[in-house]
Amino acid sequence: MTKVFDSGNVACALAVKDVGVDFVAAYPITPQTSVVEKIASYIAEGEMDAKYLPVESEHSALSAVAAASAVGARVFTATSSQGLLYMHEILHYAAGGRLPIVMANVNRAINMPWCLYVDHQDAVSQRDTGWIQLFAASNQEIYDSVILAYKVAEEVQIPVMVNYDGFLVSHSSMPFETLEQDKIREFLPALNPPWRLHPQWGGTFGNVTPSEEYVPYRYALTEDIKKAGDVIVRCSKEYERLTGRWHGGHFETYRPEGAEYFLFSMGSMGKEMEIAVDLLREQGIAAAGLRLRIFSPFPEEELAALLPTGAKLLVFDRNLVYGSAGGALLQLAKAALFNRRDSLQVIGISLGLGGEDLPASVLVAKAREMMEVCK
Amino acid sequence: MQIVFEKPKALSDTPTHYCPGCTHGIIHRLVAEVLDELDITGETIGIAPVGCAVIHFNYFECDVAQAAHGRAPAVATGLKRVNPDNIVFSYQGDGDLAAIGTNETIHAAARGENITVIFVNNAIYGMTGGQMAPTTLPGQITQTSPYGRDTKTAGFPLRMCELLATLDGTAYAERVAVDSVKNVLKAKKAIKKAFQYQIDGKGFSIVEILSSCPTNWGLEPVKALEWLRQNMIPYYPLGVFKDKEVSR
């Protein structure tokens, strides 16, 4: 175990190196670029035995990575914002192809107008592509989530996107710990896919199908991604046993004891929310933090089971569902609680778009506004 | 008091955000001088790319549309087809035109779109901090090729003018540089011709301008221009690669 003090992007690149990735294809985009720069440097310095392919666009980056994954390589790419949107077609291709790709998406606002700073519209708008989406909120969680992502992707044969906030996390230096090679190998054995595109194995990849053949593939993906939430939590526990590091299961909760108001968010806002919760507790308000770690598959049953009787869920979305009262988390939370916990109050807002600053004081003020509506 | 020197009217009073020694400033000025001389600023629409010139709408006094990365020739096509009386130019770097937007560029040229493309080639992704681009020279050190571009794994640079010159729809393709006073004057002549061809309805015209990136090349401005002369010009020869008027 080595202690490191560096940025979130370096934490990501280090995890990719430590995992033993075979193939990386990438295209530069702010604020992701320093991830693949670092990886290119590890490869050039001989610290990492992998092939690095600079391509002409994100569409080609993910296409190349998908193909390399199909032949049995452990692969990685990273992107942000417009780059993720440009990958949209291949996101479906990769998930439909059941390829265990891991990709970092450094969250950034999308155009128009242009903006370089964080919000979650990029990832949220790719919700229905069949990818597992994790959200990390610290450099330690990024490092650990990338390793976890390979474990999960290779078990369930579904690609995993590891999201973290642009600049706020990607470019902030924090202390974090890496993991020894023997422990990584124990947790994540060498890739041994059940199938690969190889003349010895026969078969083809991605054929044209009639509906009777097409339908089972689609249902298998939705059933398997539904089960992936539990796989993530099981693997997280296994990782905890090995490392002592725990960032939460489906959620990370903060001061849930006796709480009435649950302040629900994801990304770095969820960490700032802990300060907001402390401030609200000082004001005599029974508040708790609830940070979502698995955006897709959204943990519907777990959310319904977690909230106590009479709880009020205050949802803070760093994205918009246009024309709706809040964002994607609000809609998903409502859908999760409908018919399960109909008595609970759920209210939400969208904020922090395009990197709008969200200090704890703002979160407290917004929480109090929502509490007024709840009364 | 007699005014002896003025900046072009097509250039705004805004100080640019470009790094010291960057040649975007010179190229902006050349484009603006041409807009003034042809008296077309009022009817011109520029396309801002993704890259260092992403906010050139702050600097040009014409209307500007912002395109997604690489899509400038497609956006220019839409503008020009619907309103052919406008003069439409895209202003793109190599990370935009010769990478993610290669496809659009080739097809706009193949269709013979009556637009003008100003292509600023500095052999690197500038705005994202100096990564290897398709135009990066063999052996050139960048953030993603710390020991130099290895052509065995990263292939070879694209010579866009030569490539586009093979297309029947291309009316005019010339490569110039802004490394010396003489070459700057030649560059202006080429830019003016490219706009004139559009006014005359001749079809797709492109001026590729070899440019420096002192910050990401890690060189002082003057050394950067020397590097351009010694390394880029031999790989990207200057000259006219296609001129419909001459070949007729």
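I began at one bridge: in strand β12 of chain A, Ile294(A) is the bridge partner of Leu134(A). I am reading a predicted model, in which local features need pLDDT of at least 70 and side-chain atom pairs count only at pLDDT 80 or more, while totals for chains, interfaces and linings use all residues. Residues are numbered from 1 along each chain as its sequence is written, chains are lettered from A and ligands numbered from 1 in the order in which they are written, and side-chain values use heavy atoms, with hydrogens and water left out.

**The sheet in chain A**

I then looked up the strands around that bridge, noting that helices (H or I, at least four residues) and strands (E, at least two) are DSSP runs, numbered from the N terminus. Strand β6, residues 132-135 of chain A, pairs with β12(A) in the antiparallel sense over two bridges; strands count as paired if DSSP finds at least two bridges between them. Both belong to an open sheet of seven strands in chain A, whose order is β3-β2-β4-β5-β7-β6-β12 and whose pairing is mixed. At its edges I found β3 (51-54) and β12 (294-296) of chain A, each of which pairs on one side only. From one strand to the next the twist averages 20°.

Across β6 and β12 of chain A lies helix α9 (residues 211-243), which runs at about 35° to β6(A); axes are lines fitted to C-alpha atoms, for helices over the stretch in contact (heavy atoms within 4.5 Å), and angles run from 0 to 180 degrees between N-to-C directions.

**Helix α13 of chain A**

I next followed helix α13 (residues 360-374), whose 15 residues reach 21 Å from first C-alpha to last, close to the 21 Å expected at 1.5 Å a residue, the expected span being 1.5 Å times one less than the number of residues. Which residues of α13(A) are buried? I listed Ala360(A), Leu363(A), Val364(A), Ala367(A), Met370(A), Met371(A) and Cys374(A), where buried means under 20% relative accessible area, exposed over 50%, and partly exposed in between (1.4 Å probe, protein chains only).

**Salt bridges**

In one of them the side chains of Arg234(A) and Glu155(A) meet at 2.4 Å, N to O, linking helix α9 with helix α7 (residues 139-156) of chain A across 79 residues. Arg234(A) is partly exposed at 40% relative accessible area, and Glu155(A) is partly exposed at 40%.

In chain B, the closest N and O atoms of Glu37(B) and Lys188(B) are 2.4 Å apart in a salt bridge. Glu37(B) lies in helix α1 (residues 24-37) and Lys188(B) in helix α7 (residues 181-199) of chain B, so the pair ties together parts that are 151 residues apart in sequence. Glu37(B) is partly exposed at 42%, whereas Lys188(B) is buried at 16%.

My last entry returns to chain A, where salt bridges that share partners join Glu141(A), Glu252(A), Lys271(A), Glu274(A), Arg291(A) and Arg293(A) into one network.

Conventions: A salt bridge is a side-chain nitrogen of Lys or Arg within 4 Å of a carboxyl oxygen of Asp or Glu.
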